[in-house]
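Subject: Structure for your study

Dear colleague,

Please find the structure below, followed by an account of what was found in it.

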Amino acid sequence: MTTRGARAAGRGVLGDLFDPQCPTRQLLDRIGTKWTSMAVKTLADAAPDEVRFAELRRRMPGVSQKMLSVTLRSLTRDGLVSRRVEPTVPPRVFYRLTGLGLSLEAVLAGLRTWAEEHMAEIDRANEVNDHEADEG
């Protein structure tokens, strides 16, 4: 059975992360960005309520309108976020995490915790390496 066929049948498939065509690698590329992590966290904080696009942008300092739009489109396509449009002028667009998106937030929360717990070590390693590079 092909990887795509196994996925369609609902079975997990172990891929080769070193292969650019690996579906797992492609998914990790999409969910591993800082904007994805921030969008998921922001929507999780609001759950189960919806958040309007403009409010999401306000809650995510530094994200451009285009980058947020691209991120939300990807999350929606992957089934992690649901999108609802009110047919007003201008249209009001709302987002919320799906159950699948909430399950991703649990994993990302663990990664954030790890980063916070190890940030001092990472900073020290950076300082040592920067110092060695300057002397080098």
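Two strands are said to pair if DSSP finds at least two bridges between them. Helices (H or I, at least four residues) and strands (E, at least two) are DSSP runs, numbered from the N terminus. This is a predicted model, in which local features need pLDDT of at least 70 and side-chain atom pairs count only at pLDDT 80 or more, while totals for chains, interfaces and linings use all residues. Residues are numbered from 1 along each chain as its sequence is written, and side-chain values use heavy atoms, with hydrogens and water left out.

**The sheet**

Strand 2 and strand 3 run antiparallel and are joined by six bridges. Together they form a hairpin, with five residues between them. Strand 3 (residues 92–97) is also joined to strand 1, again in an antiparallel manner, by two bridges. In general, the strands of a sheet pair through backbone hydrogen bonds, either parallel or antiparallel.

**Two cis peptide bonds**

The bond from Ala47 to Pro48 is cis, with omega near 10°, and Pro48 lies in the loop between helix 3 and strand 1. The bond from Val89 to Pro90 is likewise cis, with omega near -10°; Pro90 is found in the loop between strand 2 and strand 3.

**The nonpolar core**

A nonpolar core is a set of buried Ala, Val, Leu, Ile, Met, Phe, Trp, Tyr and Cys residues joined through side-chain atoms within 4.5 Å. Buried means under 20% relative accessible area, exposed means over 50%, and partly exposed lies in between (1.4 Å probe, protein chains only). The largest such core has 22 residues, of which Leu43, Leu56, Met60, Leu68, Leu72 and Tyr95 touch the most other members. Helix 3 (34–46), helix 4, helix 5 (65–77), strand 3 and helix 6 (99–135) each give two or more residues to this core. Helix 3 gives the most, with six residues.

What does Leu43 touch, if residues up to four places away in sequence are not counted? With contact meaning heavy atoms within 4.5 Å, Leu43 touches Val51, Leu56, Leu72, Val81, Tyr95, Arg96 and Leu97.

**Charged side chains**

A salt bridge is a side-chain nitrogen of Lys or Arg within 4 Å of a carboxyl oxygen of Asp or Glu. A search of the whole structure finds eight of them. One joins Arg59 to Glu55, with the closest N and O atoms 2.8 Å apart. These two residues are four apart in helix 4 (residues 53–59), so about one helical turn separates them. Arg59 is partly exposed at 39% relative accessible area, and Glu55 is partly exposed at 25%.

Glu86 takes part in two salt bridges: one with Arg84 (3.2 Å, N to O) and one with Arg92 (3.2 Å, N to O). Glu86 is partly exposed, at 24% relative accessibility. Salt bridges that share partners join Glu50, Arg84, Glu86 and Arg92 into one network.

Is Glu105, by contrast, buried or exposed? Glu105, found in helix 6, is buried, with a relative accessible area of 11%. Its side chain makes a polar contact with the side chain of Arg112 (2.6 Å). A polar contact is a pair of N or O atoms within 3.5 Å; within protein, one must be able to donate a hydrogen and the other to accept it, and residues adjacent in sequence count only if both atoms are side-chain atoms. Leaving aside neighbours within four places in sequence, Glu105 is in contact with Val40, Lys41, Ala44, Leu97 and Arg112.

Yours sincerely,

A colleague
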